[in-house]
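Student: I am new to this structure and would like to learn how to read its features one at a time. Could you guide me through it with care?

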Amino acid sequence: MKKRQILRAAAGLGLLAAPAYAQAPFPSSRIRMVVAFPPGGNTDIFGRLFAEPFGQALGQPVVVDNRGGAGGLIGSGEVHRARPDGYTLIFQSPTAGITGPLTRRVPPFDPVTGFSHISILGITPLCLAVNPQLGVNNLAELIAMIRAQPGRLSYGSSGIGGVPHLATELLRMRAGNLDVVHVPYRGSGPLTQDLLSGIISFAVDAFTALLPQHREGKLKIISVFGDQRAAVVPEVPTAREDGFDVVIRLANYLAAPPGTPPDRLERLSAAARAVMSTPEMARALEAMAFVPVTDSTPERATRFIADEAALWRPVIRATNIEID
């Protein structure tokens, strides 16, 4: 009898313990935030700026874990397969999260359904720069030169299938299938060096790669692929102002493994919104030509990613990009 009573009491304790565990506040321990690129790049710099105040907003430390390789797909795939408990996140880039999987022969995950999206954090438009010796002052003049010299001019990108490459292909198609040579590089560093030396004619990339050289007069930014002019170069017109409907957004965003509980996603998103609304973050991102997004939610973030995937799928098909 006594043994039966002890077992009954133990079972009762178990029944009480389960709800108490389930209702434990989230997060109750540190969060691992994967950056799918090596240290020192734009995504890593932004991610580290974000991690500390994000952890303060959550009340738990956020540890940055760099998992570079395969254009960001190694780290992305690791988070895609991780336990969906909200304790493993990815500070994502569009190349690793959207165009990367779409350009693979066998996509490792779907850009939209392969993650539980939390928040869009910061957005910057791409820009187009030329070597000053090329002798063009705006996008219309560059397009006219390409049309007059088919196959003679070349452009560089920081990698096949990345957003800068696809953005230039989108411009090429919308300007009448321009005959221009693509020269892919492994990153923005070697690309910028060859643009400075005149080996390539022009390049589309993020402001962080091209703005310092533009300010020194070594390169010339002649177009902004945004829906409005960029505050860092207010004198430079948008592609639309020059008659070409090309608006490209580079967005860093926060995501979790698919199936992460909605209440945890909202808790993480609320903390992200609080961080991105601070003047300190706005000032830090201004130097990178990023605009903070202060009102993103899991639903808005998911729609944003879906819109980006819808933009790039036909471009990828039209250019026959398929990476093993």
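Student: Let us start with strand 1, residues 31-35: is this strand mostly covered or mostly exposed, and how many of its residues are buried?

Tutor: Please keep in mind that this is a predicted model. In a regular strand the side chains alternate between the two faces of the sheet. In this case strand 1 is mostly covered, with four of its five residues buried.

Student: Which way do strand 1 and strand 2 run, parallel or antiparallel, and how many bridges join them?

Tutor: Strand 2, which spans residues 62-66, runs parallel to strand 1 and is joined to it by five bridges, and within this pairing Met-33 stands opposite Val-64. With helix 2 (residues 42-58), these two strands make a β-α-β unit that is right-handed.

Student: In what sense does strand 1 pair with strand 3?

Tutor: Strand 1 pairs with strand 3 (residues 88-92) in the parallel sense, over four bridges, and here Arg-32 is the residue that stands opposite Thr-88.

Student: How many cavities of 30 Å³ or more does the structure hold, and which residues line the largest cavity?

Tutor: The structure holds one cavity of 30 Å³ or more, and the volume of the largest cavity is about 30 Å³. Its lining consists of Ile-143, Ile-146, Thr-168, Leu-171, Arg-172, Leu-178, Val-180 and Phe-202. Helix 5 (139-148) and helix 6 (163-174) are the elements that give two or more residues to this lining, and helix 6 provides the largest share, three residues.

Student: How do the residues of that lining divide into nonpolar, polar and charged?

Tutor: The lining of the largest cavity has six nonpolar residues, one polar and one charged.

How values were computed:
Residues are numbered from 1 along each chain as its sequence is written. This is a predicted model: local features need pLDDT of at least 70, side-chain atom pairs count only at pLDDT 80 or more; totals for chains, interfaces and linings use all residues. Side-chain values use heavy atoms; hydrogens and water are left out. Buried means under 20% relative accessible area, exposed over 50%, partly exposed in between (1.4 Å probe, protein chains only). Two strands pair if DSSP finds at least two bridges between them. A crossover is right-handed if, with the strands pointing away from the viewer, the path from the first strand over the helix to the second runs clockwise. On a 1 Å grid over the protein atoms alone, a cavity is a set of points where a 1.4 Å probe fits but cannot get out, and a pocket is an open set with protein on both sides within 12 Å along at least five of seven lines; lining residues have an atom within 4 Å of a point. Grid points are joined across faces, edges and corners, and a volume is the space filled by probe spheres set on the points. Ala, Val, Leu, Ile, Met, Phe, Trp, Tyr, Cys and Pro count as nonpolar, Asp, Glu, Lys and Arg as charged, and the others, Gly among them, as polar.
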